[in-house]
Amino acid sequence: MANRTTIIAGNWKLNKTAAETRRTILELRNKLAGLSTGAEVVVFPPFVSLETAVDAARETILQVGAQNVFWEKSGAYTGEVSTTMLEALGLEFVLLGHSERRALFGETDATVARRLEAVLGGRLTPVVCVGEGLEEREAGRTGEVLARQVEGALKDVAPDHIGRVVLAYEPVWAIGTGKSASPTIANDAHTLIRSSIAAMFGRSAADETSVLYGGSVKPENTASLMRESEVDGVLVGGASLDAASFAEIVRAAG
Ligand code: PEP
């Protein structure tokens, strides 16, 4: 089997001040002390807490990422943040195309592609989120939607950059609903995502791309999701806000 990186990630969304961020990371550090894991463990706090997060995470296994980034490096783009700025903070990861960005802030496959191109021009690791809505799943359109989103996001990626891209399958109907996809549904969707990557970049590139599952991941369902052959990690929203539950997820992921 391909040697894919395991990633356990916590998307904090619009939660936690800088002081709360520091407290949660210090708590996480204590709860994860002594843990030997081959996984990368990442938290994604809001922009204003990133510097504090990087500082608090020093000399721990925790890495830090941003929840979004703009494609231009500088200029008249009020309210935006560039890859250069995030790299200067010492971040490792950035989320792109989260379904909340798509549904609430006008993100499209085309804008995800532009952000991804900018990120790959630097040294951050992008985590590109894709996933179908409930109506799309019920209409039997999951494969078509995932293919469109993966192809749309990756269309400008150079072949020698695909190895740096991480995908996250986040079915919209599972996010924040308490209704996680079953391990089989997640595994099947990851297989579809890998087929799209294979069609664009070849089978071995697809086999080496980490694909995370996100959507109502909790300590109780982590191990069963992680047992699936195509699931390489989890992207956790709500359950990552509490240090005890996120630490349990990291331990359950093995
Ligand atoms: C998310 O928003 O990335 C997410 C997976 O949220 P939750 O775990 O709360 O469903």
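# Exercises on helix packing and buried residues

The buried residues of α11 are covered by elements that include β1 (7-11), α1, β2 (40-44), α10 and β8 (233-236). The exercises below concern a predicted model.

## Exercise 1

Determine which residues of α11 are buried and what follows the helix.

**Solution.** Step 1: a residue counts as buried when its relative accessible area is under 20%. Step 2: in α11, the buried residues are Ala243, Ser245, Phe246, Ala247, Ile249, Val250 and Ala253. Step 3: just after α11 comes Gly254, which takes a positive phi of about 80°.

## Exercise 2

Classify the packing of α1 against α11 and describe the contact.

**Solution.** Step 1: helix α1 covers residues 18-32 and helix α11 covers residues 243-253; their axes come within 9 Å and cross at roughly 40°. Step 2: α1 is therefore oblique to α11. Step 3: the crossing in which α1 passes α11 is right-handed. Step 4: α1 contributes Thr24, Glu27, Leu28, Lys31 and Leu32 to the contact, while α11 contributes Ala243, Ala244, Phe246, Ala247, Val250 and Arg251. Step 5: sorted by class, the contact of α1 with α11 holds seven nonpolar, one polar and three charged residues.

## Exercise 3

**Solution.** Step 1: the axes of α10 and α11 come within 8 Å, crossing at roughly 25°. Step 3: the crossing of α10 and α11 is right-handed. Step 4: on the α10 side, Pro219, Thr222, Ala223 and Met226 meet Ser245, Glu248, Ile249, Ala252 and Ala253 of α11. Step 5: the contact of α10 with α11 consists of six nonpolar residues, two polar and one charged.

## Exercise 4

Describe how α5 packs against α7.

**Solution.** Step 1: helix α5 (residues 109-120) and helix α7 (residues 142-154) have axes 7 Å apart and pack at an angle of about 40°. Step 2: α5 is therefore oblique to α7. Step 3: α5 and α7 cross in a right-handed sense. Step 4: Asp109, Val112, Ala113 and Leu116 of α5 make the contact with Arg148, Gln149, Gly152, Ala153 and Leu154 of α7. Step 5: by class, the contact of α5 with α7 has five nonpolar, two polar and two charged residues.

## Exercise 5

**Solution.** Step 3: leaving aside neighbours within four places in sequence, Gly215 is in contact with Glu170, Ala174, Ile175, Ser180, Ala181 and Leu235. Step 4: Glu228 is 13 residues from Gly215 along the chain, and the C-alpha atoms of the two are separated by 16 Å.

## Exercise 6

Identify the residues with the most contacts inside the largest nonpolar core, and list the contacts of Leu86.

**Solution.** Step 1: in soluble globular proteins, nonpolar side chains tend to be buried together. Step 2: the largest nonpolar core here has 64 residues, and those with the most contacts inside it are Leu86, Leu154, Leu167, Ile193, Ile197 and Tyr213. Step 3: not counting residues up to four places away in sequence, Leu86 touches Phe47, Leu50, Ala66, Asn68, Val69, Val81, Leu91, Val94 and Leu124. Step 4: there is also a second, separate core of 12 residues, including Leu95, Cys129, Val166 and Ala168.

How values were computed:
Residues numbered from 1 in each chain as written. Predicted model: local features only at pLDDT ≥ 70, side-chain atom pairs only at ≥ 80, totals over all residues. Heavy atoms only, no water. Axes fitted to C-alpha atoms, helices over the stretch in contact; angles between N-to-C directions. Helix = DSSP H or I, 4+ residues; strand = E, 2+ residues; numbered from the N terminus. Parallel < 35°, antiparallel > 145°, perpendicular 65-115°, else oblique. Left-handed = near helix turned anticlockwise from the far one by under 90°. Contact = heavy atoms within 4.5 Å. Nonpolar A, V, L, I, M, F, W, Y, C, P; charged D, E, K, R; others polar. Core = buried A, V, L, I, M, F, W, Y, C linked by side-chain atoms within 4.5 Å. Buried < 20%, exposed > 50% of the residue type's maximum accessible area, 1.4 Å probe, protein only.
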